[in-house]
Amino acid sequence: MIDQLSRLAILHGTDKFGYHDYTPNYFSLLESWRMRPLRMLEIGVGGYGFEDRGGESLATWRDFFPQAQITAIDIQRKTMALGPRVKILQGSQVDAPFLAGPVAECGPFDIILDDGSHLNEHVIETFGLLFDGLAPGGIYLIEDVQTAFMPRYGGSLALTAPNSVGHFADLLVDLSLGRAGEIAAIERFHNIIALHKRGRDTDPLPAHADRRIRAALDAGKSVRRADPALDLAPELARHEAGPDGQNAGILVAAAGQAGDGAALGALIRDLGPEGVILLQGGPVAAGLLREIFTQIDHREIRANFPQAPIQDYARHVLSLSIHADGAVLEIGDNNYPSNFAFDPHEPRAAAALATMGEVMQDPAASQTGLLQYTGILKRFSGIEAAFGLVDRLAASGCIDPRYYQLAVLRMQRTANWAEVLRLSEEALAHLPENPHFVVTKTRAMRMLGQGAEAEALLRDAYARDPRGRAVVVALARLEQDAGRMAEAIALYEQSINLFPLGGRSLQLRNLIALCEGAGAQQAAARASRQLIALVPDDALAQRILAKTDPD
């Protein structure tokens, strides 16, 4: 059965569930906090540069914590209204004077969640600026730490500083050696790091009281010692397995028994496919701790460095929790795919997508939830699968461009040009001069016999915005259909650099074919030179240049 937080995440459309597997872990961390009158800070609102987009995560937290006051910051201006308990401020996550304001006015915070820029240097600097603003006993969460392995975010396979995973791995080792200051425990999940601040008393959180162990005991699991000489805490001794070891879901081992990856793998095999391993009686080897801390993200590592070495145990460690007196490992299936190499057929991912489909039947699904799900359907099941949600979005009064794009496409598939025209005009009423809907409107007008009016509208749009790709391409097609090939070629040439770099080679091949058909050899050569710069061994470009540039 799906947990309450994940259900809210689906209904509100945050990617913390589905493309990511975050909310089940957050639910495990925060379930006991749900009814507290807590204070939460989330860094990053979402929606990129769109002022009225984002907030899906904030809506999820608002509903999960009905008594919480939630503050959010974003580098972009955000204007969505999420109710009186949610405040959004504009500012940078590494601007110390700015951050002092929310901490003073809305803190100290019980929960801080960094879902901001994901730049490694920012993650580390923000932690340094905000950890003091976390209340005693609070939790500091860092999301999307897979960027520690992404060079464009300052990441690397070697975890070269500044690196988020490398930085907190060092803190992890310090904690295991009893020198982590105000940090009581550190947890590591796929793409997530959680740091627990010491409570008002001075005693750190003991390893045998870790919530994974409590959950296993509550589920009726028993405790088994990997070494009979080990002393069990009284709370665990009461649940020790009998001679046959039946139902032993918790394996207690000495820290030294997991000295390296091979030894840890042996303990995992001894436990079985799932359960909990408690390592106690001394610090776990620092090298092994750092290795586990890193390799939990083995799917992310491989997505960025396909040849990187991965330890066999990495696929079986769901989470790692370090306390001052020991370590706890949750064992299970740790193969949830990277969102950068998402595999909808991986069993856990397939189950998550199926769950999304079930939850989306709830009439309480928000527009953002429906839109998020349509995107998933389009990507993995085809555009037709998403058409079934168009009417629900329309009934909700949705004016998001993603809804209009889907609705227009559905009508285009049935050649209902009158409805395409109506939807395009409705979209433009909410999104004035949007080039995509200008183009769909002019296409519908042409199909309805209003060619002159469509051409005038398209030329007017081009005069206003000669860099609007959709308009430039549509005008080029109009010129081509009218037989004005020189004008068409000039516009197609203009459009090439308006496409993302990855899409330019296809556009250049189409342009070359058009130029050849029109007998425009010099234009074909120009396009071929551009194509060769992108794809040096392209056969079409080489053939054209062999004729026009023989030397």
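Strand β7 (residues 192-197) is largely enclosed by the rest of the structure, because six of its six residues are buried (under 20% relative accessible area, 1.4 Å probe, protein chains only). Strands are DSSP runs of E with at least two residues, helices are runs of H or I with at least four, and both are numbered from the N terminus. The model is predicted: local features need pLDDT of at least 70, side-chain atom pairs count only at pLDDT 80 or more, and totals for chains, interfaces and linings use all residues. Residues are numbered from 1 along each chain as its sequence is written, and side-chain values use heavy atoms, without hydrogens and water.

I192, A194 and H196 point one way from β7, while I193, L195 and K197 point the other way. Strands pair if DSSP finds at least two bridges between them. Strand β5 (residues 134-143) runs antiparallel to β7, with five bridges. There, L141 stands opposite A194. Strand β6 (residues 183-189) is also antiparallel to β7, joined by six bridges. F189 has I192 as its bridge partner. Two residues separate the strands of the β6 and β7 hairpin, where N191 takes a positive phi near 70 degrees.

Aromatic rings of Phe, Tyr and Trp (its six-membered ring) pair if their centres lie within 6.5 Å; planes under 30 degrees apart are stacked, over 60 edge-to-face, and the rest tilted. The count is 15 aromatic pairs. Y404 and F437 form an edge-to-face pair, because their planes stand at 80 degrees, with centres 6.1 Å apart. The pair ties together parts 33 residues apart in sequence, because Y404 lies in helix α16 (residues 401-413) and F437 in helix α18 (residues 435-447). Both Y404 and F437 are buried.

Conventions:
Buried means under 20% relative accessible area, exposed over 50%, partly exposed in between (1.4 Å probe, protein chains only).
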